[in-house]
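My entries follow the structure.

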Amino acid sequence: MMWIVSSLVVWAAGSWVNYRLANGAFSATRLVKLAVPFLFGVTIIAVWEGLVRGLSVPHVILPPPSAIAVRFAASLDILWVDFVQTFIKGAMSGYIIGCGAAFVIAVLIDRSPFLQRGLLPVGNFIAALPIVGTAPILVMWFGFDWQSKAAVVVAMVFFPMLVNTVQGLAATDKMQRDLMATYSASYWQTLIKLRLPAAMPAVFNGLKIATTLALIGAIVAEFFGSPIKGMGFRISTEVGKLGLDMVWAEITVAALAGSAFYGAVALIEKGVTFWHPSQRG
Amino acid sequence: MMRSVLPILTVVTALVLLWYGAAISMNSKWAQDQAARAGLDLSFTELVADTWSQDRPRLPAPHQVVQELWKSTGEMALKGRAFSKRSLIFHGWITLSATMLGFVIGTGAGILLAVGIVHYRVMDMSVMPWAIASQTIPIIAIAPMIIVVLNSIGIQGLVPKAIISAYLSFFPVVVGMVKGLRSPSIDQLDLLRTYNAGTGATFWKLRLPSSMPYLFTSLKIGMAASLVGAIVGELPTGAIRGLGARMLTGSYYGQTIQIWSALIAAAILAALLVGTIGLIQRATLKRMGMQP
């Protein structure tokens, strides 16, 4: 009972503080803008802990955050091995291959308007399909190890990246291209000095979408078969053993890795496209 | 529109040709081994014919997949057994119903939350950063857990899959809808203020109509995400029914043609669902005079 009451109190107090902060005089400052979501997150975790303990929810249904944290700290070595297998080997290599190939092909088909008109609708169509479904096929082709995960990731990131890059390469307007022509710039000079820089906002949009897709692909592909390590493998086996604290620890790792990956790409974007209106203060 | 028909057809034809070619090269090893064991020497045409007609090829040729698709949909329907367990219509229906239920729940909740976020500053500041951050997280990782946990307290079948679908379609809709509800310019909002319009009137007459293009865009993303959620949700329970289950059993028993036909069925389903939203979008925006 104590736990339920105190979690309700924490909830009320957190909401009240947030309400005051959001409607107070300093609501537009950077600090408050960070503090409010942070407080909200802490409140949710505190209420979760309190309710799980107060209502004595069995750990096999929902473990309290403290148990997850303990499990996380106790199995850092397993989590690290899984992280390397799924993220570094599977997701990252697939991400680099897939995005790289899509970028190169986009630059190539950019020379032919005919191919562009054909590939863009087809690419858009394929990007909307449940490509995760190719996972069982690719696992069959490339074996259980990380190569098949990388292949799934390649299949998932390729078309979103292709479509975005092609759109980006079309982003320059006629005046700019005419200017390059009056400089008597060759195709390659125009490409490198004008069109690729102008394409960067769209390219990074594709790269950012692909970060999430890469992790999803790598994890789901492991549900179809994996060596005895990897985040998807651990999640599916621990769920079978009802070791939910371990599952939540893996999910924490996945969430952290996903956010960090996205954040890193966004940071590079900020450096590369500093001139774009969306990046100015 | 007509201008792009020829290029699209060319690209699609090229893809199909590529597929046939890949089928030859990927299945030829098996064909060669079989021939060597039988002490035969395969000519090229025989080899090609064999690679396109194996029972369990590494890569089934397009016509094999189409045949399997027809056998498990149209032919079954003609025999009046459209809902037997061997029919893809049956499995597709299982997946579709979970997708639709999840989609309706997810988008409904997403729109409600977006309305709250636009009107209450505290909700905006506390929830919005999490909603955006959640898009960078592979949420699908929790799918097996939801299925098994709900199964352990006695809920199974449609609902757990629908919850995963709802969860996946929820956040894109929140983010897109908030953007849409905020899309009216200061001028338009000021005009409504000079009319002495209240929050409700501003919402119904300005914010909601101008959010429609954003809503439909995020509905399409949400629909695709819902379908993926339902398919992945069918994997961990041992996979009895649904398109995801067909893929999993296919991968257990090496039935590549079955996997491919389930995959193509899922693709057709996705295209139909997203296409339907596209049609509704067109009709709605046309009625509202937003698109010429």
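These entries go from the contact between the chains to one helix pair.

I am working with a predicted model, where local features need pLDDT of at least 70, side-chain atom pairs count only at pLDDT 80 or more, and totals for chains, interfaces and linings use all residues. Residues are numbered from 1 along each chain as its sequence is written, chains are lettered from A in the order in which they are written, and side-chain values use heavy atoms, without hydrogens and water.

**Chain B against chain A.** I looked up the contact (heavy atoms within 4.5 Å). Chain B gives 51 residues and chain A gives 51 residues. The two chains bury about 4,300 Å², with 84% of it on carbon and sulfur atoms. Buried area is the accessible area (1.4 Å probe) lost on putting two parts together, summed over both. B:Met125, B:Thr136 and B:Met145 supply 14% of the area that chain B buries here, more than any other three residues.

I then looked for salt bridges (a side-chain nitrogen of Lys or Arg within 4 Å of a carboxyl oxygen of Asp or Glu). I found zero between chain B and chain A.

**Helix pair in chain A.** Next I looked up α8 (residues 174-182) and α9 (residues 187-223) of chain A. Helices here are DSSP runs (H or I, at least four residues). The pair packs at an angle of about 145°, with axes 11 Å apart. Axes are lines fitted to C-alpha atoms over the stretch in contact, and angles run from 0 to 180 degrees between N-to-C directions. From α8(A), A:Gln176, A:Arg177 and A:Met180 take part. Their partners in α9(A) include A:Lys193 and A:Leu194.

Key:
Helix = DSSP H or I, 4+ residues; strand = E, 2+ residues; numbered from the N terminus.
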